[in-house]
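Colleague: Could you take me through one part of this model in detail? I would like to look closely at where the two chains meet, and then at whatever you find worth a stop nearby in your notes.

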Number of protein chains: 2
Amino acid sequence: MAPNLDSFFKTVDSNTDAFIERLRKAVAIPSVSAEDERRPDVVKMGMFLKSQLDGLGAHMEARPLGKQPGKEHLELPPAIIGRYPAKKDESKRTILVYGHYDVQPANLSDGWNTEPFELTVDDKGRMYGRGSTDDKGPVLGWVNVIESHQKAGVEFPVNLLMCFEGMEEYGSEGLDDFIIEECKPGKFFEDADAVCISDNYWLGTEKPCLTYGLRGCSYYSIEIKGPGQDLHSGVFGGTAQEPMTDLMRVMATLVDGNGKILIPGINELVAPLSKEEQSLYKDIAFTMDNLYESLGSTTGIFPDKESTLMGRWRYPSLSIHGVEGAFSAPGAKTVIPAKVTGKFSIRTVPDMEPPEVDKLVYSHVQQAFEHLGSKNTMKCWLQHSGKWWVASPKHWNFTAAAKAVERVWKTKPDLTREGGSIPVTLTFEQATGKNVLLLPMGSSTDAAHSVNEKLDKRNYIEGIKLLGAYLHYVAEEPMKAAAL
Amino acid sequence: MAPNLDSFFKTVDSNTDAFIERLRKAVAIPSVSAEDERRPDVVKMGMFLKSQLDGLGAHMEARPLGKQPGKEHLELPPAIIGRYPAKKDESKRTILVYGHYDVQPANLSDGWNTEPFELTVDDKGRMYGRGSTDDKGPVLGWVNVIESHQKAGVEFPVNLLMCFEGMEEYGSEGLDDFIIEECKPGKFFEDADAVCISDNYWLGTEKPCLTYGLRGCSYYSIEIKGPGQDLHSGVFGGTAQEPMTDLMRVMATLVDGNGKILIPGINELVAPLSKEEQSLYKDIAFTMDNLYESLGSTTGIFPDKESTLMGRWRYPSLSIHGVEGAFSAPGAKTVIPAKVTGKFSIRTVPDMEPPEVDKLVYSHVQQAFEHLGSKNTMKCWLQHSGKWWVASPKHWNFTAAAKAVERVWKTKPDLTREGGSIPVTLTFEQATGKNVLLLPMGSSTDAAHSVNEKLDKRNYIEGIKLLGAYLHYVAEEPMKAAAL
């Protein structure tokens with residue numbers, strides 16, 4: 001099946017150098033969305049991407065997203081959207097793909113071994129550079145797929161809709177409303193039959209995966225305040241009730257050291273584990289050594305693979321991230337902070353409805369604080385919340401991707417979920433009403449968001465083949481396949 | 001008694017403008033010891049002070065203190081030491097006075113109503129400016145005392161030894177060893193009969209005080225670490241034991257909301273309250289409204305003045321200052337910090353021996369951590385420790401100062417202790433073996449270390465009279481008075 005793939009694959013191989021060069025050009029643009037002064041670089045990167053696709057004959061548009069909320073002196077970088085071929089072929093399926101062209105901040109002084117904005121390929125084929133794997137490699141993957149088809153003279157198997165954003169690393173400001181709008185009848189994305197997002201990673205380093213679930217995230221703040229201003233502990237210690245003392249005592253009631261959430265009612269919201277689901281975990285290519293390697297320690301909660309994967313994917317977790325307003329620098333400062341804000345978040349899973357979680361959190365925190373009998377005042381609120389997402393891995397979108405993996409990587413992919421959230425996933429699912437697939441290119445050791453981010457040359461080149469093959473297998477899936 | 005005081009007082013009054021002008025010049029030199037780039041200004045301020053005293057015929061020396069530990073590219077500002085009159089009069093007592101010529105950082109943008117390094121006098125006689133009360137006003141007080149004696153033609157009543165440092169706001173780097181050395185036989189400070197430090201404040205705004213006690217401070221860190229690097233809570237939440245969770249649970253065991261230290265054994269070290277001591281507190285000029293005003297709230301622990309003053313002065317307290325290594329910025333970040341360091345300190349009082357306190361702290365923290373059964377590792381250590389100090393207020397040094405207060409302010413001073421520590425106090429006591437008196441010039445509303453620091457003109461001018469009168473009454477105290 002998919003008979004044209006061989007010549008497409010050969011063309012990808014013979015254009016390896018050009019594709020790496022394209023990635024080098026992209027990495028050289030420091031499109032850091034979190035840094036105001038880099039905003040022109042973010043826009044430049046969006047325009048670079050658009051020009052590459054314009055050059056291949058795609059219909060491309062740079063859509064303004066307005067001012068940045070809270071930083072109204074800044075324009076949001078545009079959404080780069082497009083269609084290839086430029087004119088729709090009504091006989092073919094339409095696949096909407098998403099990626100982002102902005103990157104996390106990076107400075108050589110953070111501990112990088114090489115200049116973060118210079119793609120540096122070592123003798124093992126590791127291509128170091130900020131954005132190499134997150135998400136410039138995958139985004140350029142789609143560009144390279146189109147170019148390889150043209151060079152190989154192979155007909156493009158689907159209608160490709162593209163949505164590339166420049167604010168993903170800063171909360172995808174402005175994107176949700178844009179997607180919802182453009183998925184309406186008569187709009188740009190109205191005819192998407194399925195969605196494919198390449199913006200995550202394999203579970204390990206050797207075996208590809210398809211991802212069908214993500215945990216949600218509800219992020220809370222607990223603010224406790226008392227005095228009118230910060231106090232000197234020499235003068236006021238022993239005479240004033242200290243907000244930091246209260247906060248420590250409230251935060252200590254949230255979770256135990258083994259990750260058990262102590263907020264009453266939370267664990268009862270979790271969908272029970274079926275025998276069938278339980279059996280899925282044992283075959284996943286993952287070992288405790290994988291965990292220990294990525295942790296950089298053996299301080300895991302569970303001794304076995306299955307519990308660990310379930311702890312990451314299908315059970316909720318609660319992490320305490322820090323305290324705002326207290327002394328956080330090195331050294332010693334004898335301050336009594338007047339107002340402290342503890343931050344924690346809960347990773348949510350089916351069937352936890354976020355409003356229900358909020359209610360349980362507020363009620364518990366309120367009770368824990370009241371229990372202290374403090375004269376200080378406490379406020380607990382939700383900073384942001386994104387719901388969990390679980391798709392059907394039996395949909396043709398996944399079946400096609402699985403075939404593509406087998407063809408390119410000669411192995412069946414693991415079907416995985418992820419512990420983190422990619423909020424745009426749920427937005428696409430809700431806005432299109434169609435199946436969404438996460439099809440990662442990079443591996444677990446790529447250090448996205450960290451120093452020395454890299455993408456292996458092998459993952460890049462085979463990844464281009466994978467994205468292309470996926471489109472071919474999508475084209476072959478029966479048109480009336482049940483959408484589970 | 002002290003018959004020459006009237007003409008001295010009159011001279012002080014008639015030189016008011018010149019004395020304010022001198023303070024204006026001093027405030028204009030931004031001698032911020034904590035900011036490397038201001039180091040030349042700190043030195044400039046030391047030299048200004050020396051030149052003022054040189055001009056009055058004192059014998060002055062600028063003594064180098066070496067490189068700054070940890071910042072070896074910086075010279076410490078010199079200790080400005082001196083003697084007046086330049087030649088010792090063997091028939092007179094010798095009083096060693098201490099002050100500091102460096103100041104806390106200050107920027108208009110911090111919320112100052114006026115330029116912090118321009119002395120600005122309002123119509124109520126409040127003289128705003130960084131260092132006005134802490135400690136340039138008191139230091140120049142001694143200069144003004146000498147000048148006023150010369151102008152009044154009044155014989156100087158004592159031998160005055162002076163020790164002015166330029167690193168007080170940055171931990172008095174280098175000073176302890178210097179003092180200990182210079183108090184040895186044959187050295188500069190060898191013949192001090194008593195010590196007077198003017199670097200603290202009245203308890204309120206109307207009544208002067210003499211201070212005979214300070215709490216000590218033992219500052220601890222609890223470091224808990226696990227993973228090799230910070231983790232993403234989406235990926236690792238629910239699979240790794242989190243150091244921040246452990247830290248919250250350990251820190252919650254240290255103290256309760258009413259300031260009761262929960263570390264076993266600590267409270268048992270405190271000297272019992274005698275009936276005599278208990279009776280001292282009710283007459284102190286202090287009200288609960290004073291507390292609430294300085295707190296900016298009514299979140300005090302105790303409802304009554306006596307318990308509040310005892311809570312500040314004679315009982316220990318424990319404050320949690322913050323966490324290093326966790327997320328401390330505004331906003332939301334879903335990090336699992338790999339290594340977090342909680343900071344807390346205990347204010348110590350008689351008879352708590354610091355090594356004994358350390359032992360109890362280490363043992364409790366160790367037990368609290370072990371109780372968690374965590375795989376993370378914990379380390380608890382002392383960052384720094386300064387012992388409490390209590391002098392005898394019955395010594396002639398205090399008796400003289402009390403007479404001076406009555407003469408200048410027409411009221412008996414409160415005998416107070418302070419909750420904070422001024423470590424150099426104990427150093428002087430130990431190095432000289434003599435009685436040390438804290439004789440404040442400014443009032444409780446002066447906002448030392450804060451924005452809009454000020455010294456009231458009245459406190460400055462009457463304060464100069466007080467310092468001079470104190471020296472006259474010192475000269476009159478019987479030479480063989482018992483040193484209690």
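Colleague: How much area do chain A and chain B bury between them, and what share of it is on carbon and sulfur atoms?

Modeller: Happy to. This is a predicted model, in which local features need pLDDT of at least 70 and side-chain atom pairs count only at pLDDT 80 or more, while totals for chains, interfaces and linings use all residues. Residues are numbered from 1 along each chain as its sequence is written, chains are lettered from A and ligands numbered from 1 in the order in which they are written, and side-chain values use heavy atoms, with hydrogens and water left out.

Now to your question: chain A and chain B bury about 5600 Å² between them, with 53% of that on carbon and sulfur atoms. Buried area here is the accessible area (1.4 Å probe) that two parts lose on being put together, summed over both. Of the area that chain A buries against chain B, 11% comes from Thr239(A), Thr299(A) and His321(A), more than from any other three residues. In terms of contact (heavy atoms within 4.5 Å), 73 residues of chain A meet 73 residues of chain B.

On the side of chain A that touches chain B, strand 13 (residues 317–324) of chain A gives the most, with eight residues. Helices (H or I, at least four residues) and strands (E, at least two) are DSSP runs, numbered from the N terminus. By class, that side of chain A has 27 nonpolar, 35 polar and 11 charged residues. Ala, Val, Leu, Ile, Met, Phe, Trp, Tyr, Cys and Pro count as nonpolar, Asp, Glu, Lys and Arg as charged, and the others, Gly among them, as polar.

Let us turn to a sheet in chain B. There, four strands form an open antiparallel sheet in the order 13-15-11-16, where two strands pair if DSSP finds at least two bridges between them. Strand 13 (317–324) and strand 16 (377–386) of chain B each have a single partner strand, so one side of each is left without a neighbour in the sheet. From one strand to the next, the twist averages 20°. Further in, strand 11 (residues 216–225) and strand 15 (residues 339–348) of chain B pair in the antiparallel sense over 10 bridges, and Ile222(B) stands opposite Gly342(B) in strand 15 of chain B. Helix 11 (residues 354–372) of chain B packs on this sheet, touching strand 11, strand 15 and strand 16 of chain B, and its direction makes about 160° with that of strand 16 of chain B. Axes are lines fitted to C-alpha atoms, for helices over the stretch in contact, and angles run from 0 to 180 degrees between N-to-C directions.

One last stop in chain A: Asp351(A) is found in the loop between strand 15 (339–348) and helix 11 (354–372) of chain A, and a cis peptide bond joins Pro350(A) to Asp351(A), with omega about 0°.
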